[in-house]
Structures are given as structure tokens and as C-alpha cells.
Amino acid sequence: MDYITDSFSHRGHFGKFGGRYVPEMLIPALEALEQAYLQARDDKKFQDEFLHLLRTYSGRPTPLYFAANLSKQLGGARIYLKQEGLGQTGSHKVNNVIGQALLARRMGKKRVVAETGAGQHGLATATVAARFGFECEIFMGELDMARQRPNVFWMQQLGATVTPVTYGTRTLKDAVNESIKNWIENLEDTHLLVGSALSAHPYPSMVRDFQSVIGREVREQIMEAEGRLPDCLVACVGGGSNSIGLFHPFLNEDSVEMVGVEAGGFGIPSGLHSARFQGGRLGIIEGYKSYFLTDEDGQTRTTHSVAAGLDYAGIGPEHAWLHDQGRVTYTNVTDKETLAALGLLMRTEGIIPALESSHAVAEAIKRAPKTGRDKIMVVNLSGRGDKDIFIVAEALRDKEWLDFLERKVQEGFPDDEK
Ligand SMILES: *Cc1c(COP(=O)(O)O)cnc(C)c1O
């Protein structure tokens with residue numbers, strides 16, 4: 001079967017999922033974006049500039065590293081790590097923001113707006129806005145701003161305006177609404193820079209295309225290292241962009257198994273998780289049709305994950321379709337398993353993965369011992385873990401870290417005058 005659907009000729013539909021469910025007044029803007037993207041996609045100059053920037057600004061291609069120590073310890077498959085965390089801003093998000101920034105400039109836009117939850121997408125957007133000279137406004141829930149001060153700090157230093165959203169749950173979903181509202185009010189000069197492979201058409205397909213550089217590189221790199229395709233690909237799934245970017249170039253290779261890892265939080269029975277395929281319901285929210293974790297009234301439910309980037313009630317429509325087709329297996333790991341995986345990868349390989357990526361590592365740790373040593377597994381390390389220092393130190397109850405924070409507060413800013 002052909003799993004590489006031409007979503008553009010199906011108006012953004014992946015089977016019954018996806019589409020474009022937005023207020024009438026947004027349709028012309030989405031159509032203009034789609035047309036501009038399709039032209040850019042087929043324009044060699046655009047693609048060359050995209051790849052050039054990824055190379056010179058973000059250090060692509062990112063390495064595919066054979067984790068010999070981890071593989072040996074687990075006693076099964078040969079595990080390779082795709083090191084997306086080595087790119088600019090420390091995650092795969094840069095691939096998408098560079099692509100959309102180039103497109104926004106091509107469309108003559110002067111301003112970009114974006115939503116952000118944990119702040120990682122906001123940070124990546126603020127970075128390229130500085131690079132391209134765009135005015136930049138990032139909408140962020142008031143609660144998220146309080147929780148993610150380091151990202152807020154850097155976004156502001158990069159020249160972005162970070163606008164708190166003070167209504168509703170004061171988290172990501174309200175920030176999404178606010179960024180769309182702002183886009184509607186400023187369609188003439190503004191591009192809405194969506195952060196994952198979701199939202200209304202053409203975003204899911206466009207973001208997937210920009211992120212597919214990950215899978216294309218892996219194909220070349222594994223052929224060079226092993227002379228054959230991998231047996232299994234593993235990636236974490238928040239909105240779904242790093243995973244679809246890895247999976248997509250392999251979808252029609254029947255021999256390649258694919259595993260998407262959702263956030264199991266405190267465990268599925270607790271209800272405090274972000275695993276959409278564990279009780280998520282079909283719905284139309286934020287402009288697209290997919291599975292969402294919702295309550296009785298059809299409103300998105302409060303979700304939880306130790307990894308802020310996976311803490312989201314919806315999932316990109318292509319994943320919903322791949323799930324129902326049975327092409328990709330979706331599983332989940334808990335916060336606890338995630339922290340254990342982070343510890344093991346740090347100590348065996350000297351690599352600090354992001355908490356999101358640690359979900360994929362945790363799944364690899366479960367699977368590898370059950371596979372033969374002749375098997376090849378590729379795990380996407382979507383990001384590096386420096387950003388998570390506050391969360392990890394808290395989760396590990398690191399007393400010396402707390403002492404450090406208290407001491408800093410007491411010291412205040414050193415006064416040069418004294
Ligand atoms: C944002 C983020 C994710 C989750 O987003 P996807 O769109 O599912 O890839 C995963 N890993 C890292 C490091 C992130 O910053």
C-alpha cells in the first residue's frame with residue numbers, strides 16, 4: 001500500500017483526518033499560503049536556500065551516532081541516535097521555523113506571530129525572526145510564562161514581544177486561539193508560524209515536508225554506516241513533527257517498523273497523561289480533525305507530561321491516519337520511565353537528551369533487549385536536555401540545586417557601587 005498520500009490534492013485530508021475547519025475569513029489566507037508553499041516547494045532556488053541555511057546556520061546534517069555502549073548494555077539491536085539536539089536552538093524545531101520564515105519572506109510578510117506552550121517553539125520563532133528581520137509576537141499562557149521563565153527571558157532578549165494570555169486555562173490552548181485571532185486582525189503583513197505538524201491545511205503537510213529532512217538524512221547516513229535500511233524507527237510524538245519528519249521518507253518501506261511514543265505521564269489509569277491514542281476522541285478542534293483528549297463537553301482535557309513539549313491534547317492528523325491504517329505503532333511511557341531513560345543515556349553515552357526525546361529512548365530501552373543483535377534501531381533525539389535543568393533537578397529532588405536557587409535569590413543582583 002502507498003502511505004505517502006498527496007495531501008495537497010486531497011485538500012489536506014489524510015483519510016477522514018485533517019482538513020481546514022476555520023472561520024470563513026481565514027480561508028483566503030490559508031489558500032494563499034498553500035499556493036505560495038506549493039510554488040516554493042517546486043522552486044529549486046527556494047529549496048537550495050532552505051538547505052543552505054540549515055547547513056550554515058544550524059549545522060545540518062545532524063550526526064547519526066552509533067550508541068555502542070547503550071546497545072551493548074541492552075544486549076539487542078544496534079541503536080543509532082539521530083542527534084537533532086545539536087542544531088540551532090537545541091531541537092528539530094529549527095527546521096520548520098527556517099522553512100516558514102523563508103516562505104513568509106517570499107510572501108512579503110513583515111511580521112510573524114506564534115503560539116507557544118513550553119516556550120521552545122516561541123524561542124525558535126524568535127530566533128529566526130531576529131535572523132530575518134521580522135517583527136515577532138509570541139502568545140503564551142500566563143501560567144506557562146510563570147513556569148518557563150528561561151525561554152521567556154531569551155525570547156525577549158532576541159527582540160520578540162511575549163504577550164501573556166490571561167483568560168481560560170492560561171496555557172497553550174488559549175495561546176493558540178490568541179495567535180489565530182491576532183493573525184486574522186493582521187493578515188496583510190503577518191504570517192502565523194505554526195510549531196508542529198497540526199492545525200488547518202496546509203500546515204500539517206508543510207511542516208512535515210520541512211521536517212522530512214530528518215528522515216532523508218537518516219536514510220543516507222544508515223546506508224553509509226550499515227549498507228541497509230533500519231529495522232525500526234522510534235520517535236516521541238507531541239504534535240507530531242519530529243516523528244513524522246523521521247518516518248515519512250520510510251513510510252513505503254514495508255521492512256521498516258515505526259514506533260511513535262506518546263507521553264504516559266503518571267500512567268494511563270491516572271488520567272494524567274497526554275496519550276491521545278489512549279482514550280482520545282475524534283473531534284474538530286483548532287482547525288483540524290483528529291483524535292483529542294476531551295471531556296464530556298468536547299472541550300480539551302487537562303493533560304500532563306514531565307516533558308512540556310509533549311503535553312498537548314491533540315495530535316497531528318497524519319499520525320491519526322497512520323495509526324488507524326496500522327502503519328505506525330503508537331505506545332506510551334511514563335514520566336518515571338522517562339527519567340530513568342534520561343539517566344541511563346547520560347551515563348552510558350554522555351549525552352543529555354531533552355525530556356521529550358527521553359520518551360523515545362525509554363521505548364528503545366524496553367524494545368532493544370527483545371530484538372536480535374543483527375537488528376538496527378534508529379531513535380530520534382529530537383532535542384538536547386539543557387533546557388530541562390529546572391524540571392529534572394526538581395524531579396530528582398536535588399537538594400543542592402534548591403540551595404543554589406535560594407542562595408541566588410538572597411544575593412540579588414550584585415551591586416557594582418558597593
Ligand atoms: C516541541 C518538541 C517536541 C514535540 O513536538 P513534535 O511536534 O511532536 O516533534 C519533541 N521534542 C522536542 C525536543 C521539542 O522541543
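What follows is a short chat about a predicted model, covering its ligand and one of its sheets.

Me: Which residues are closest to the ligand here?
Reply: In this predicted model, 17 residues surround the ligand, and the closest are Lys 93, Ser 196, Gly 238, Ser 241 and Ser 382.

Me: What does Lys 93 do in terms of distance to the ligand?
Reply: A polar atom in the side chain of Lys 93 lies 2.5 Å from an oxygen atom of the ligand. With Gly 238 the backbone is involved, as one of its polar backbone atoms is 2.7 Å from a ligand oxygen, and for a polar backbone atom of Gly 240 the distance to an oxygen atom of the ligand is 2.8 Å.

Me: How much of the ligand's accessible area does the protein cover?
Reply: On its own the ligand has 390 Å² of accessible area, and the protein covers 97% of that.

Me: And what kinds of residues make up the shell, and which domains do they come from?
Reply: The shell divides into 12 polar, 3 nonpolar and 2 charged residues, and at least three residues come from each of domain 1 (21–56 + 93–207) and domain 2 (64–90 + 212–394).

Me: Switching to the sheet, what is the strand order?
Reply: The open sheet has 4 strands in the order β7-β6-β5-β8, and the pairing is parallel. The twist from one strand to the next averages 25°.

Me: How many bridges join β6 to β7?
Reply: Strand β6 (residues 135–141) runs parallel to β7 and is joined to it by 5 bridges, and Met 140 stands opposite Pro 164 in β7.

Terms used:
Residues are numbered from 1 along each chain as its sequence is written. This is a predicted model: local features need pLDDT of at least 70, side-chain atom pairs count only at pLDDT 80 or more; totals for chains, interfaces and linings use all residues. Side-chain values use heavy atoms; hydrogens and water are left out. A residue is near a molecule or strand if one of its heavy atoms lies within 4 Å of it. A polar contact is a pair of N or O atoms within 3.5 Å; within protein, one must be able to donate a hydrogen and the other to accept it, and residues adjacent in sequence count only if both atoms are side-chain atoms. Accessible areas come from the Shrake-Rupley method with a 1.4 Å probe; for residues, only the protein chains shown count as cover. Ala, Val, Leu, Ile, Met, Phe, Trp, Tyr, Cys and Pro count as nonpolar, Asp, Glu, Lys and Arg as charged, and the others, Gly among them, as polar. Domain bounds come from an automatic or database domain assignment. Two strands pair if DSSP finds at least two bridges between them. Helices (H or I, at least four residues) and strands (E, at least two) are DSSP runs, numbered from the N terminus. Axes are lines fitted to C-alpha atoms, for helices over the stretch in contact, and angles run from 0 to 180 degrees between N-to-C directions.
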